[in-house]
Amino acid sequence: MSSVCDICGKAPSFGNNVSHSKRATRRRWNPNIQKIRTLINGQTKRKNVCASCLKAGKVVR
């Protein structure tokens, strides 16, 4: 499943895991993406939407 919001374009951000000995390995933070059915131009479509867009009311379910 894609980790990009179809509404706001929010995508994963990248950084490091840092252990106690300060050894760094790459990691990523994924946005909370939900597959929902939305109403677009009178038709229902499946969209990948982040939870913050759902909570803000940017999408009609």
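Start with K45: setting aside residues within four places of it in sequence, this lysine is in contact with I36, R37, T38 and I40. K45 itself sits in strand β4, and this is a predicted model, so keep in mind that the contacts come from computed coordinates. How exposed is K45? With a relative accessible area of 41%, K45 counts as partly exposed, because that value falls between the 20% and 50% cut-offs. Another lysine to look at from here is K35: K45 and K35 are 10 residues apart in sequence, and their C-alpha atoms are 10 Å apart in space.

Now turn to the nonpolar side of things. The largest nonpolar core has 7 residues, namely C5, I33, I36, V49, C50, C53 and V59. Strands β3 (33–40) and β4 (43–50) each supply at least two residues of this core. In soluble globular proteins, nonpolar side chains tend to be buried together. I36 ties the two parts of this tour together, as it belongs to that core and is also among the residues K45 touches.

C53 is another core member worth a look. Leaving out residues up to four places away in sequence, C53 touches C5, I7, C8, K58 and V59.

Finally, go to helix α1, which covers residues 51–56 and includes K55. Is K55 buried or exposed? K55 is exposed, because its relative accessible area of 78% is over the 50% cut-off. For a sense of distance, pick V18: K55 and V18 are 37 residues apart along the chain, and 32 Å separates their C-alpha atoms.

Notes: Residues are numbered from 1 along each chain as its sequence is written. This is a predicted model: local features need pLDDT of at least 70, side-chain atom pairs count only at pLDDT 80 or more; totals for chains, interfaces and linings use all residues. Side-chain values use heavy atoms; hydrogens and water are left out. Helices (H or I, at least four residues) and strands (E, at least two) are DSSP runs, numbered from the N terminus. Buried means under 20% relative accessible area, exposed over 50%, partly exposed in between (1.4 Å probe, protein chains only). A nonpolar core is a set of buried Ala, Val, Leu, Ile, Met, Phe, Trp, Tyr and Cys residues joined through side-chain atoms within 4.5 Å. Contact means heavy atoms within 4.5 Å.
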